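Subject: Structure handover and notes

Hello,

Here is the structure we talked about.

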Amino acid sequence: MAGMAAKLVAGFFESRDIKVNVMEDNIFRIGWSFNGGTLDIYFSFDETDTHVHLEGMNFIKVTEDKFDKMYKVLNECNFKYSHVKFVLDPSDGLISARDDALIQLDTCGAECFELMIRMLRIVEDAYPTFMKAMWA
């Protein structure tokens with residue numbers, strides 16, 4: 001039954017006029033604009049169709065000279081937001097937002113929609129804090 005959750009969730013999103021870009025059988029991406037930037041959210045489903053990993057990317061890039069300052073801001077944001085954690089990848093300077101959840105096939109579309117909206121709202125709320133740290 002592997003891949004069923006990805007198909008059900010993609011179908012749920014498309015029925016709500018949300019464009020889904022399929023990357024692999026169990027991975028797809030959705031792009032969003034928010035007040036201040038854009039966010040690509042990748043959905044990755046496990047082979048048992050019971051777990052989803054969301055990764056929000058491409059909303060901010062940090063220059064190496066700001067890493068130390070940004071780590072402090074990441075800690076503050078990770079303390080403030082309980083459902084999404086922020087991570088800085090030092091190899092490319094990109095901050096990503098990450099979330100993991102258990103899902104059920106009969107409700108996975110609505111569950112993943114809620115996870116996506118939650119991530120988008122949290123990133124949008126945290127974005128000014130990141131920008132302030134970048135330009136201060």
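First, the conventions. This is a predicted model, in which local features need pLDDT of at least 70 and side-chain atom pairs count only at pLDDT 80 or more, while totals for chains, interfaces and linings use all residues. Residues are numbered from 1 along each chain as its sequence is written, and side-chain values use heavy atoms, with hydrogens and water left out.

Helix packing

Helices (H or I, at least four residues) and strands (E, at least two) are DSSP runs, numbered from the N terminus. Helix α1 covers residues 4-14 and helix α3 covers residues 108-135; the two pack at an angle of about 70 degrees, with their axes 8 Å apart. The axes are lines fitted to C-alpha atoms, for helices over the stretch in contact, and angles run from 0 to 180 degrees between N-to-C directions. α1 and α3 are therefore roughly perpendicular to each other. On this scale, angles under 35 degrees count as roughly parallel, over 145 as roughly antiparallel, 65 to 115 as roughly perpendicular and the rest as oblique.

On the α1 side, the contact (heavy atoms within 4.5 Å) involves Ala 5, Leu 8, Val 9, Phe 12 and Phe 13. On the α3 side are Cys 108, Gly 109, Ala 110, Cys 112, Phe 113 and Met 116. By class, the contact of α1 with α3 has 10 nonpolar residues, 1 polar and no charged. Here Ala, Val, Leu, Ile, Met, Phe, Trp, Tyr, Cys and Pro count as nonpolar, Asp, Glu, Lys and Arg as charged, and the others, Gly among them, as polar.

Helix α3 also packs against α2, residues 67-80. The axes of α2 and α3 come within 10 Å and cross at roughly 160 degrees, and the two helices are therefore roughly antiparallel to each other. This crossing, too, is right-handed. From α2 the contact takes Lys 69, Met 70, Val 73, Leu 74, Cys 77 and Lys 80; from α3 it takes Asp 125, Ala 126, Thr 129, Phe 130, Ala 133 and Met 134. The contact of α2 with α3 divides into 8 nonpolar, 1 polar and 3 charged residues.

Salt bridges

Side chains of opposite charge can pair when their charged atoms come close. A salt bridge is counted here when a side-chain nitrogen of Lys or Arg is within 4 Å of a carboxyl oxygen of Asp or Glu. By this rule there are 3 salt bridges. For exposure, buried means under 20% relative accessible area, exposed over 50%, and partly exposed in between (1.4 Å probe, protein chains only).

- Lys 80 and Asp 125 meet at 3.4 Å, N to O. Lys 80 is in helix α2 and Asp 125 in helix α3, so the pair ties together parts that are 45 residues apart in sequence. Lys 80 is exposed at 56% relative accessibility, and Asp 125 is partly exposed at 41%.
- Arg 98 pairs with Glu 55, the closest N and O atoms being 3.1 Å apart. Arg 98 lies in strand β6 (residues 94-102) and Glu 55 in strand β4, so this bridge ties together parts 43 residues apart in sequence. Arg 98 is partly exposed at 28%, whereas Glu 55 is buried at 16%.
- Arg 29 and Asp 40 are joined at 3.5 Å, N to O. Arg 29 is in strand β2 (residues 27-34) and Asp 40 in strand β3 (residues 37-45), 11 residues apart. Arg 29 is partly exposed at 21%, and Asp 40 is buried at 17%.

Backbone angles

Most residues other than glycine have a negative phi. Asp 17 has a positive phi, near 60 degrees. Asp 17 sits in the loop between α1 and β1 (21-24) and is exposed, with a relative accessible area of 75%. Asn 58, also not a glycine, has a positive phi of about 65 degrees. Asn 58 is in the loop between β4 (51-57) and α2 and is partly exposed at 39%.

Regards

Notes. A crossing is left-handed if the near helix is turned anticlockwise from the far one by less than a right angle, and right-handed if clockwise.
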